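Good morning, and thank you for coming.

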Amino acid sequence: EASRVLSKYEWGYAFQELACRGEDVKLTFERDVGWEACVVDEKGNEIALSDAGWDPRERPRYEDLERKINEVLPEPLWLRMIGEAQEKGLKFQREE
């Protein structure tokens, strides 16, 4: 169905944001490139998620994204945030 719509235009993009393992994930699709994924860390940095075994014409499955996030960011977000609180104190108590 998407092919029928995208074939009418010179440029075709799709964009989706989702949460996977408590992390913000962005999925983008460009007709000539295929699907790309990245995870946005707590500092706003985008970390590319890719795997040689992924077919760029197929949208990455949730399980594959989860496995790749576990490789790239082994500690979950909540654990990283606890580490920051232990190091800097609670946000409402900081004098930044």
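I begin with a term: a salt bridge is a side-chain nitrogen of Lys or Arg within 4 Å of a carboxyl oxygen of Asp or Glu. Before I apply it, please note that this is a predicted model, in which local features need pLDDT of at least 70 and side-chain atom pairs count only at pLDDT 80 or more, while totals for chains, interfaces and linings use all residues. Residues are numbered from 1 along each chain as its sequence is written, and side-chain values use heavy atoms, with hydrogens and water left out.

By this rule, there are 10 salt bridges. One of them joins R80 and E23, with 3.0 Å from N to O. The two partners lie 57 residues apart in the chain, R80 in helix α3 (residues 77-88) and E23 in strand β2. Helices here are DSSP runs of H or I with at least four residues, strands are runs of E with at least two, and both are numbered from the N terminus.

Are these two partners buried or exposed? Buried means under 20% relative accessible area, exposed means over 50%, and partly exposed lies in between, with a 1.4 Å probe and protein chains only. R80 counts as buried because its relative accessibility is 14%, and E23 counts as buried at 1%.

R61 forms a salt bridge with E63, at 3.8 Å between the closest N and O atoms, and another with D64, at 3.5 Å. R61 is partly exposed at 49%, as is E63 at 44%, whereas D64 is buried at 14%. Elsewhere, salt bridges with shared partners join R21, E23, E42 and R80 into one network.

Let us turn to the sheet. Its four strands form an open sheet in the order β1-β2-β3-β4, with antiparallel pairing; two strands pair if DSSP finds at least two bridges between them. Which strands stand at the edges? They are β1 (13-20) and β4 (46-49); each has a single partner strand, so one side of each is left without a neighbour in the sheet.

Within the sheet, seven bridges join β2 (residues 23-30) to β3 (residues 34-40), and the bridge partner of L27 in β3 is A37. Helix α2 (residues 62-72) packs on the sheet and touches β1, β2, β3 and β4, its direction making about 65° with that of β1. Such axes are lines fitted to C-alpha atoms, for helices over the stretch in contact, with angles from 0 to 180 degrees between N-to-C directions; contact means heavy atoms within 4.5 Å.

Four bridges join β3 to β4, and C38 stands opposite A48 in β4. These two strands form a hairpin with five residues between them, where G44 in the turn has a positive phi of about 90°.

Finally, the core. A nonpolar core is a set of buried Ala, Val, Leu, Ile, Met, Phe, Trp, Tyr and Cys residues joined through side-chain atoms within 4.5 Å. The largest one has 11 residues, among them L27, A37, W54 and L65. The elements giving two or more residues to this core are β1, β2, β3 and α2. Beyond its neighbours within four places in sequence, A37 is in contact with residues including L27, L49 and L65.
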